[in-house]
Amino acid sequence: MKLSFHGADRGVTGSCHMLECSDRRILIDCGMFQGSRELAEDNAEAFSFDPSAIDYVLLTHAHLDHCGRVPLLAKRGFRGEVIATSATRELVRLVLIDAAHLQEEEAGRRAYHGRRRGENRAPPPLYTTLDALNSLDQFGRTAEYEQPLQLAPGVRATFFEAGHILGSASIRIEVSEGTKVRSVLFSGDIGNTGRPLLRPPSPPARADLVVMESTYGDRLHRSVNDSIEEFYEAICGAFARGGNVIIPTFALERAQEILYVLHEGVERSRLPPTVQVFLDSPMAISATEIFARHCECLDPAVARLFRGGSDPFRVPNLHFARDTADSIAINRITGGAIVMAGSGMCTVGRIRHHLRHTLWRKESAVIFFGFAASGTVARQIIDGAEHVRLFGEEIPVRSAIHTINGFSAHADQRELLAWRSGIGGCETTFLVHGEEPVMKQLAEHLQGHRVEMPRLGEGFDL
Ligand code: ZN
């Protein structure tokens with residue numbers, strides 16, 4: 001048995017790990033590198049293995065940094081089977097088609113700028129919409145939580161709840177070697193407990209080796225309930241001043257969590273029943289519809305609401321804006337509205353128009369949830385910039401700015417350690433999906449067994 005590392009090694013994006021056993025090559029995730037331009041260019045590099053020699057890709061969840069290179073893998077020769085939970089499979093379709101669109105647009109822009117400079121060769125998109133659609137043909141069996149799937153004689157994979165986003169899983173692979181069974185558990189991204197929609201992570205009781213994420217291995221989150229109260233107060237403050245609330249949001253999970261919390265706020269009279277809520281993101285709207293179809297992945301209380309015929313995402317005045325015209329019309333409303341749009345870090349998308357119309361108004365509020373990478377418009381606003389540049393214009397920042405941190409989709413240090421300590425029999429923990437200094441801090445708390453922090457391309461004979 002051999003374990004090797006091909007992404008998210010001493011970094012947080014591009015997750016891709018390989019297990020070779022019983023003549024099979026199994027990839028766990030095949031995600032995209034994201035962030036700086038150099039990282040993005042890493043996606044176009046050749047894989048450090050032969051795609052046509054891969055038998056299986058097991059996907060832990062639908063985030064782009066875990067599934068985003070599947071179309072590229074298929075385009076370069078992968079003919080094996082992709083296995084994921086049913087919810088992941090549906091969300092992956094959305095995510096990959098959206099990613100292909102963005103890459104086609106970006107390639108078109110580069111080609112145009114190139115032509116202006118007199119160049120007639122421009123790099124093609126990483127993959128096209130057609131490549132993404134074709135890669136969906138490789139999806140085979142659907143994984144049910146805690147139901148083992150046979151990959152080869154003596155090789156079984158089982159998916160366990162990871163509590164990170166809808167359909168997310170930790171995956172254990174068990175390999176029979178004579179009379180002995182050896183197992184490797186891949187954590188995927190591990191959720192924060194106590195979140196409004198999802199069940200908590202539920203890893204298996206035993207694994208010989210654990211490959212574990214470490215994103216927030218150095219910090220503790222604020223409690224979800226305190227964060228919800230902070231959110232209601234920020235909204236009520238803006239409404240009392242006669243303004244709107246703008247929320248830059250990620251389309252998967254975060255948008256649905258916010259809708260649910262808004263619904264609860266109206267039910268509990270913490271928010272006025274007249275509040276107008278606009279979900280201004282076609283991808284978030286589709287993701288919201290997918291949630292309603294997957295009660296098997298939801299917190300039992302939320303699942304009961306859906307099964308009883310009510311919709312826990314639907315505040316009385318909820319509007320879905322799919323078309324650009326609907327999005328533009330929102331800007332005519334000057335008070336009492338909440339507008340959610342992407343992208344979460346304000347680098348692209350409709351949110352930039354809403355910020356242009358809102359940031360200069362001191363009666364309004366902009367509320368950020370969670371992480372914003374340095375250099376992004378979101379980060380500039382969070383860091384207190386007096387002006388930001390949008391569509392070539394300097395826009396003064398006069399709105400109230402709030403950053404609410406307790407909604408993280410990732411476990412904090414205490415939860416990561418609790419997750420890990422629940423797994424018995426482990427010889428070695430391999431830390432992945434984290435920045436190096438963060439991993440080192442987490443490693444200090446992992447005692448009683450070996451801890452490895454593999455580098456990109458490193459392999460271990462087990
Ligand atoms: Zn994730």
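Analyst: Buried area here means the accessible area (1.4 Å probe) that two parts lose on being put together, summed over both. The model is predicted, so local features need pLDDT of at least 70 and side-chain atom pairs count only at pLDDT 80 or more, while totals for chains, interfaces and linings use all residues. Residues are numbered from 1 along each chain as its sequence is written, and side-chain values use heavy atoms, with hydrogens and water left out.

The two partners come from the domain assignment (automatic or from a database): domain 1 takes in 2–219 together with 409–461, and domain 2 spans 224–407. Taken over C-alpha atoms, the centres of domain 1 and domain 2 are 29 Å apart. Where they meet, 25 residues of domain 1 are in contact (heavy atoms within 4.5 Å) with 25 residues of domain 2. Between them, domain 1 and domain 2 bury about 2,100 Å², and carbon and sulfur atoms give 67% of that area. On the side of domain 1, Leu166, Pro196 and Leu197 provide 34% of what is buried against domain 2, more than any other three residues.

Two salt bridges, each a side-chain nitrogen of Lys or Arg within 4 Å of a carboxyl oxygen of Asp or Glu, are counted between domain 1 and domain 2. Arg293 and Glu90 form a salt bridge through their side chains, at 2.7 Å from N to O. Helix H4 (residues 86–116) gives the largest share of the side of domain 1 that touches domain 2, namely seven residues. Helices (H or I, at least four residues) and strands (E, at least two) are DSSP runs numbered from the N terminus. By class, that side of domain 1 has 13 nonpolar, seven polar and five charged residues, with Asp, Glu, Lys and Arg counted as charged, Ala, Val, Leu, Ile, Met, Phe, Trp, Tyr, Cys and Pro as nonpolar, and the others, Gly among them, as polar.

The wider setting follows. The chain has 14 helices and 22 strands. Its radius of gyration, over C-alpha atoms, is 22 Å, close to the 23 Å given for 462 residues by the globule rule (2.2 Å times the number of residues to the power 0.38), so the chain is as compact as a globular protein of that length. Along the principal axes, the C-alpha atoms fill a box of roughly 70 × 60 × 45 Å.

His449 sits between helix H14 (436–445) and strand E21 (450–452). Beyond its neighbours within four places in sequence, His449 contacts Arg420, Cys426, Glu427, Thr428 and Thr429. The side chain of His449 makes polar contacts with the side chains of Arg420 at 3.3 Å and Thr429 at 2.7 Å. A cis peptide bond, with omega about 5°, links Gly342 and Ser343, and Ser343 lies in the loop between strand E15 (337–341) and helix H11 (351–358). Glu146, although not a glycine, has a positive phi of about 65°.

Technical notes. A polar contact is a pair of N or O atoms within 3.5 Å; within protein, one must be able to donate a hydrogen and the other to accept it, and residues adjacent in sequence count only if both atoms are side-chain atoms.
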